[in-house]
Amino acid sequence: MGTLVGHVAPGFGFFIIGLWHLFNNIKIEAHNNGNNDHPPNTAIFLSWFPTSRFKYLEPLLIMVGASASIAMELVIGPQRHQPFDTDGTIPSYHLHNFEHSNISMTFFVFAAFCVILDRLRPKAYFELTQFVGAVAFGQELLLFHLHSADHMGPEGQYHLLLQLLVLVSFATTLLGIALPTSFLVAFVRSLSILFQGLWLIIMGFALWTPSFIAKGCFIHLEEGHKVVRCGGDEPLHRAKSLINLQFSWLLIALTILGLSFYLLLLKLYQQTPKNPAHYFSLMTNDEEKEEAASTKITTYDVASKSFIQMGHKFTGTDMER
């Protein structure tokens, strides 16, 4: 991860996933509150969303990205294409490779269990899916906080602020277990994932592009890795202050863009469709009859190609508009 590509590539992945979640969560909220047949706030917001053409596209992409990250950290990146010393031990300069690969491995496990749990459909399907997501963010937070690399300079400030974003993702995923119908929890979680992605991209360019490095700081080669060092306390404090300003500006920008995106989609999807729409359920006829007899319609079926049981229905083609 200690390269420009090593930050920009996963950052782009987090950004796309966060944007996809933000879009779908807002869309669910708009359709749920725009339906007069059922009370609002009855939709359950899950931790992943299907597409109309291939329902497991999101977890599959996460698994592919995680596998590529693990391969880059443990096989492709090391000079000898393996991270171990001649005596079979892990050298200190490769500890961070194992830490980064463990983060990727946890997200791979999360994505894999999204598919497995969706196929098996245990009673605690929703809670277990959120739990595995919380484990992934908790692992990310733990390993970034206890990182073996020296993060005392500008890179350390970037990682400190990154931990705040991971903490928000972790907390909102846990809250999602207790508050499954809370749009605000899902909205903040989506924005925090998107923010993580943008912050990783900015970090990659700011730390490994010489023209973007703060004045008085420079790239220094240490144990085979490039790190940013500053020539004294004053340049270091200035660099950290600039990083704090970047974070603040991005927070303001994402707040404005997130709320604007919400209002735009709310206006778009709360409009009454011209044709009554429906979507597909993998429930049995008996289960559908029992569900129809219930007054609380609460879930969204990620095993089908489109949303189900949200108090109103819309097709997979509607999802693509």
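Where does R121 lie, between which two helices? Select R121 and you will find this residue in the loop between α3 (95-120) and α4 (125-145). We will come back to that loop, but let us begin with the whole chain. Please keep in mind that this is a predicted model.

**The whole chain**

Colour the model by secondary structure. The chain has nine helices and two strands, and along the sequence these follow the pattern α-α-α-α-α-α-β-β-α-α-α. Of the 321 residues in the chain, 49% are buried.

**Helix α1**

Now select residues 4-33, which make up helix α1. With 30 residues at 1.5 Å each, α1 should span 44 Å, and its end C-alpha atoms are 43 Å apart, which agrees. Zoom in on the start of α1 and show the side chain of T3: one of its oxygens comes to within 2.9 Å of the backbone nitrogen of G6.

**Segments named in the record**

The unreviewed UniProt entry carries the annotation "transmembrane region" for several stretches, including residues 6-23 and 60-78. Select residues 6-23 next: this stretch is 100% helix and 0% strand, with its end C-alpha atoms 27 Å apart. Then move to residues 60-78, where the chain is 89% helix and 0% strand and the end C-alpha atoms are 26 Å apart.

Pick out F108, which lies in helix α3. F108 is partly exposed, since its relative accessible area is 30%.

**Back to R121**

Which residue does R121 form a salt bridge with? The partner is D118, and the closest N and O atoms of the pair are 3.0 Å apart. Side chains of opposite charge can pair when their charged atoms come close.

Are the two partners buried or exposed? D118 counts as buried because its relative accessible area is 2%, under the 20% cut-off. R121 is partly exposed, with a relative accessible area of 36%.

Before you leave, check the backbone at R121: its phi is near 50°, a positive value in a residue other than glycine.

Methods. Residues are numbered from 1 along each chain as its sequence is written. This is a predicted model: local features need pLDDT of at least 70, side-chain atom pairs count only at pLDDT 80 or more; totals for chains, interfaces and linings use all residues. Side-chain values use heavy atoms; hydrogens and water are left out. UniProt positions are given in the numbering used here, feature names are shortened, and annotations may be inferred rather than shown by experiment. Helices (H or I, at least four residues) and strands (E, at least two) are DSSP runs, numbered from the N terminus. Buried means under 20% relative accessible area, exposed over 50%, partly exposed in between (1.4 Å probe, protein chains only). The expected span of a helix is 1.5 Å times one less than its number of residues. A polar contact is a pair of N or O atoms within 3.5 Å; within protein, one must be able to donate a hydrogen and the other to accept it, and residues adjacent in sequence count only if both atoms are side-chain atoms. A salt bridge is a side-chain nitrogen of Lys or Arg within 4 Å of a carboxyl oxygen of Asp or Glu.
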